[in-house]
Amino acid sequence: MKHRYGLIVLIWCWVSVLNAQVILTGTVKEEANKNLSGAILTISKDSVSSILAYAISKSDGSFKIRIDNAPEKLFIKASYIGLTTFKKTLERKSQELEIQLRPSSEALKEVVVKSEIIQRRGDTLSFSVEAFKDKNDRVIADVLRKMPGIEIKPGGQIHYQGKPIQKYYIEGLDLLEGRYSLANENLAADAVSKVEILENHQPIRVLDSLEFSERASLNIKLKNDVTLSGTAKLGLGATPLLWEANVTPMLFNKKRQFIASYQSNNTGKNVANQVRDFSFNPEGTTYNIAKTDWVSLLNPATPPFSQDRWLDNNVHLASANGIQRLKSDLDLKVNLSYLNDYQQQQGSTQTTIYTPQDTVSIAEAIDNRLFIKNFQGKATLEQNTKKNYLKNQLEFNTYRNTQRGMVQRTDAEIAQHLSTPFYGFKNNLDLYKTFGKQLVRFSSNTGFSESDQFLKVRPGQFEDVLNAGNPYAESLQNIESSKLYTDNSAGMTKMLGKFTTTLKLGFAQQKESLKSALVLEESDTPLGHAFQNDTQFHTSEVYLQQSWRFKNTSETWNIRLGVPIAFKAFDLEGNNSQNLDAFVFEPSAYIQHKVSAKWELSVSGNLDYNFGRLERLYPGFILTNYRNLQRYNAPILEQMAQNYSASLNYRNPIKRLFVNASYSYGRTKSNLLFGSQIDPNGTSILEAVVRDNYVNSHRFNLEASKYLSRLNTSVKLNASYNISEREQLLNAALAKNENTNFNLNGSLESELSAWLSLSYSGSLRFYNSKLNTAALQQLNTQQHNAEVFLYPWENQYLSLGGEYFKNSLTDANRNYFLNLSYQYTLTQKKIDLKLVWSNILNTKNFINASSSEYYITQNSYVLRPSQVLASISFSF
Amino acid sequence: MKHFFFTILLLIAWSSIYAQDLQQVAYTYKATYELQFKIDSTDSESIKSEPVLLYLSTNQSRYLSLSQQLKDSLFSTLDRKNRSMAEFSRVRSMIPKTEFNYVIFKSKPENKLVYAEKIFKDKFKYMEDLEMRDWQIKAETKEILSYTAQKAEIEFAGRNYTAWFTAEIPFSDGPYKFTGLPGLILEIYDDQDHYHFTLSGFQKFSKPVAPFLNLNTYKTIAKSDLLQIKENFDEDPISALEAAGVKLDFANSSLSKTQAKRDLSNSKSKKNNPIELITN
């Protein structure tokens, strides 16, 4: 066969050679006899007919054209951009030609396209929701999660390319600020047309040309101008009777948006996540209205896995949020939320405390009831134009929390009752204005908070210290605390080429007050001065902060430098009156360098000063929990901390291998040493002693991941090793404490087939503690999770998971868990039916051990019983 | 201490100025094509279209999608002159999404083409011979945008193409890797019409335009490796991101990681129709 074709070709060639094969050779030259490469030579019958043969001149200007079946006349054309075209009619014969092309100013004929394609395709650097949406996706969070580069963290925070997003806009309006989970987890995916990612987005328009933003923001584009959407979910289960409800309606148009939500459950689901604030505050929060709890119940340590498994709750959450565009660029918004939760905690702890002289063991059974009532809200006025930025935010936060607890010890039963109400208000004003190429900013932050707390313990504890060794019925710890602060600053930002420099000058004042008294029931009159506080603490500060940032064009170098200086004055009034003035210089540097495509190196170092807060400055004893009496009859704490770290990254995308190694070292110098006086009955008294001391810590970390393409499996390993050394004061003796901690984690994920996938993760932990030279008990823990996913049909899925926990202090057999979940989707009606059976083995307790420098605690926490929950959910 | 930092800063600033080494070629003409393509060969409805550009100079050319070009030029103006971020974000958000994130440089004197692509965070390139010798010239002609175009045929990377070129534009070039005809390719399509390029404009630059891309920052790897990396990323971006050191945490979310992976691979499996069916 092959031969026959070969023969035909041969014959055909021979015939054509005989007939009319013409070979033209030659060179093409430019003016100064320079050989011209890339010139196009074409042969046709005449000047108008189509091309028969062609050649392109080589680098030496030579060409060779073979024309089969050549016609009588050959029309040759040689052309090159910017040169005149050579044209000539030749006879039909092989010949050599010398062609010279002269410069020409003649331009080629143009056809102009309008570049309106960009506008036409407009606003589409965005993910089309349709492209990512699956039949099973209900709310926008389900779709977002699948978009490349976007991830949603366990608490609901959205990250884009590894960094938290800055803003979550809906149609360009920032309704929920940091509390965007409420919209993200309830807005129906069907109502959304596009998700736009604004990379390097600077939300404050004044800063646009001055401050480069590395963060992205997200904008949700809706299908309709007026959208009514939301989700509803209802679940019922046993045992005991379980419920889950969620109704979240929302209304959007261009000028006004509104989201309301009511959620309730007793299934262990933490709905507080939905109103958690992920606002990004680059300025830091030295001064704020954070809630301080002076007294507490003794809590059993919570298990280290999903809350759903152990949180015994009964929660109701209501939230209302509205935004109104008053006029162009001026928005007013109001956010309110109310949470009411009743939680129960049951467990037991066995604590062993090691002191240089003795070992103390305490066994406690705990039964706590927590009543949480939180009402918070804020009103925000924001103007965001190119020349001006104004934002004023008035915020309030109130709690009315009460707790009741019962502790059972071998020798006693102790009831506790506490109340920690809290009221806080604050106002934040930011004003930015541009002057030419510079930006001037002013900000003012003022706040006030108050909290009057009490703790009742029955029967009274610390008889030796408080009641001359006689038993008594009840002790009552009363506390009145308040805080008032104002922080004001003015600054300037300038951009000079690749450098950005910022200068800020400010002053801050804070006044805190603490009054406390410990009362024994019999006497009704407070105990002496040693158990009372009437303390005022003033902090004044003047600061000047200067920082530079540099990034080169190829982004191989990234450098940040900060040289803030501050003058701080502390004034403590009360039994422990004292002053402290300090001048602090806290330089910091961060250098990142991309050595090559695969290697990246970063180094950082900083110096920090810390000063005592009122929480560690009260001279009179406070009963902070039923077995802890605490006071700080000492000077103001001064700490100087140095931190250095280096990290090296290796990334090979071809081999799909990633390795990161890092090391950090920290050294902290303090002027105070805090020491515990531990009684044989387990009660402890904390006091501070003046003595310079150091804490040194080293941390090594190694991380690697590899994807095995052939097995569709990714493997990850992580190992870390920490050592820290410190001096410790225990029962008035000085002890040197050394802790070492070694952790090993591994995980494996595998997609065996389209309908089956597996995942596994495990960790091993070794903890070693030494007091002076005596080794304390070593603690090892291990944890393993495995899960199998089955997708038998498109609209159904089944997952079965098992967990195993073990530690070297307990008998391991009881720490097994098994969970099963099944989902069926009614594709047409967009309704999901889900059945979850958790804790199938009905494991009653989670037993865990934890340890710190000088004690080891073994915890047992009562878990949710085996439960089945069926739920139906839909979005509209 | 302060002085020390300043010295370092100065040194770094200095070295970065000298590190800028762009290929100094100026393009004099630009051809714009509309590319229509079928992303899923099994779905006749999956037709998409986007504009692609061919920048031409006497001995070099550069081919890329319009979106890619806009991205490149935006980043280069941002870095060089510190243009207003407002303008930057505004324009940036208007750039359409492209299916083609690569750039192809053809160098006639070296007889090579360079294919450069950024995949997630990594910049890669591979080199290939420019040769395309097997064109079959046909006598047929037709008019495209007032140019007289002649037909030619070729088999390339597993597809049979029909091209229409014009000798009126003496650039032996065309979109994608196509080259080697005695004039610019104005239209080219495969016999199944899965990839169809049509000229929509041809313009001369009043001032020659320099390329924005610095090819030196792209790492040379084998073509098969580049294709493998791309496939890995398309098939399973979650694992690819994780292998690149990006931490993804799905714990506690309503959707498990395996589900997310599954959903993604379903949507990606529809991209089953690359322009090169056979790669050598």
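I began with strand β27 (residues 557-562) of chain A, which runs antiparallel to strand β30 (residues 588-594) of chain A, with 6 bridges between them. Strands (E, at least two residues) and helices (H or I, at least four) are DSSP runs, numbered from the N terminus. Two strands pair if DSSP finds at least two bridges between them. The model is predicted: local features need pLDDT of at least 70, side-chain atom pairs count only at pLDDT 80 or more, and totals for chains, interfaces and linings use all residues. Residues are numbered from 1 along each chain as its sequence is written, and chains are lettered from A and ligands numbered from 1 in the order in which they are written.

I found A:N558 bridged to A:Q592 in β30(A). A:Q592 also has a bridge partner in β31(A), A:S602. β30(A) and strand β31 (residues 599-611) of chain A are antiparallel, with 7 bridges. A hairpin of 4 residues joins them.

Next I checked B:L226, in helix α4 (residues 223-235) of chain B. Is B:L226 buried or exposed? B:L226 is buried because it has 22 C-beta neighbours inside 10 Å. Buried takes 20 or more other C-beta atoms within 10 Å, exposed 12 or fewer, partly exposed in between, with C-beta atoms placed from the backbone. B:E117 is 109 residues away along the chain, yet its C-alpha atom is 8.7 Å from that of B:L226.
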